[in-house]
Structures are given as structure tokens and as C-alpha cells.
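Keep the structure open beside you as you read.

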Amino acid sequence: MERKERPFDVIGQLAALRRYARSLVRNSDEAEDLVHDALVRALEKKKSFRSGGNLRTWLLSILHNAHIDRLRQNRSLARRHDEAAVEAEQSLPAGQEHAVRLQQVRDAFFDLPEEQREALHLVAIEDLSYQEAANALGIPIGTLMSRISRARAQLRAFEEKTPRKSHLRLIGGDGNESN
């Protein structure tokens, strides 16, 4: 009985892909992730594979490119973290009062319902336009605007109920401090 060879048999190439990935990243778990990413890319680009071409070479090339992309992404992330660390070192540490206030605002933000928190985060922190944020969440722009409006209203209510005057006092001053 003659065996039919399938032109796109990636299962038969898994061992070679895993070996190559382990040699690139020197970590079994990362290698498996890399192989997975490469196979996803290969399936997405399946139509670009020439039926007479060498599948193993094509898959190894995709794996290599996925590895290079990961290295670039990691370097970029490290560079951003380094730059943020430099900025943090140059800034003055927050005073105790300010730190307490920031924690209160952070807690109020995280107390928002998840859908409101997601919408507000994308627009206010990630600086996406309303349309971009709506697309990212897969919702109509009106729904996004409604969620942001409700989130901002809750944060305004938090601000209004939080006393402006600090409960912290300076101890051991010259007696001219106001409470």
C-alpha cells in the first residue's frame, strides 16, 4: 500500500522545530511557546507555502523570525523600563500625604466595575481615541462613552465625599501649623 505524503504535515516537523527552538532560547517552556507562535504564524500564512517547497525549511524560517521578533520586543520593553527607571530616579519621592491620596484614588479606580475600568483605562491612561478604545473592546462607541461617563461620575463622587483637609498633622513644629 502506497503512503500518501501530505504537503503540509507540520506534525512531522514538530521534533525539529522543538530542537531548534530549545537551541535558540535554552529554556523548554519558552521553546514550546516559540514553537506554538511559529505554528500559528505558519497556519495563518499557509497559502504562501509553495506546494513543492521544503516544509521543514519554511517552518524553521518562520520559527527563526518569531524568535527575532521576540528578541526585539524584549529589548524594546527593557529599554522602556530603563527609561522609566531613569525618570523615576529623577523625580522627587511623594510626600506621605500625597502617597496616601494616590493610594485612595488608585483604590477608587480599581473599585470601578471592570467594564468601566477597562474603558476609562484605554482612554485616560493609554491615550486611545474613543473610536480606537471601542474597537479594542469590541463595543459600539456610544457604549464606550456611556461607560466612561459612569466611571468618571463615580470618581467625581469619590472626590466629593473625600475630605480635602488632611488628617495628618506635623508634630514638633514651631506651633504655627494649622490643623
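1. Let's start with tryptophan 58, which counts as buried at 18% relative accessibility; buried means under 20% relative accessible area, exposed over 50%, and partly exposed in between (1.4 Å probe, protein chains only). Setting aside neighbours within four places in sequence, tryptophan 58 is in contact (heavy atoms within 4.5 Å) with Phe8, Ala42, Lys45, Lys46, Ser48 and Phe49.

2. A word on the source: this is a predicted model, where local features need pLDDT of at least 70 and side-chain atom pairs count only at pLDDT 80 or more, while totals for chains, interfaces and linings use all residues. Residues are numbered from 1 along each chain as its sequence is written, and side-chain values use heavy atoms, with hydrogens and water left out.

3. Which residues have the most contacts inside the largest nonpolar core? They are Leu34, Val35, Trp58, Leu59 and Leu63, in a core of 20 residues. Such a core is a set of buried Ala, Val, Leu, Ile, Met, Phe, Trp, Tyr and Cys residues joined through side-chain atoms within 4.5 Å. Helix H1 (14-25), helix H2 (28-44) and helix H3 (55-90) each give two or more residues to this core; helices are DSSP runs (H or I, at least four residues), numbered from the N terminus. Apart from it lies another core, of 12 residues, with Phe109, Ala133, Leu144 and Ala151 among them.

4. Histidine 67, in helix H3, is buried at a relative accessible area of 10%, and beyond its neighbours within four places in sequence it is in contact with Leu24, Val25 and Leu34. Glutamine 13 sits in the segment before H1 and is buried at 19%; leaving aside neighbours within four places in sequence, its contacts are Leu55, Arg56 and Leu59.

5. Now turn to helix H7 (residues 141-161). Its buried residues are Leu144, Arg147, Ile148, Ala151 and Phe158. Seen down the axis, they fall within an arc of 95°, so they line one face of H7; the arc is that of the directions from the helix axis to the C-beta atoms. These buried residues pack against helix H4 (96-111), helix H5 (114-125) and helix H6 (130-137). The face turned away from the buried side carries the exposed residues Glu160 and Lys161.
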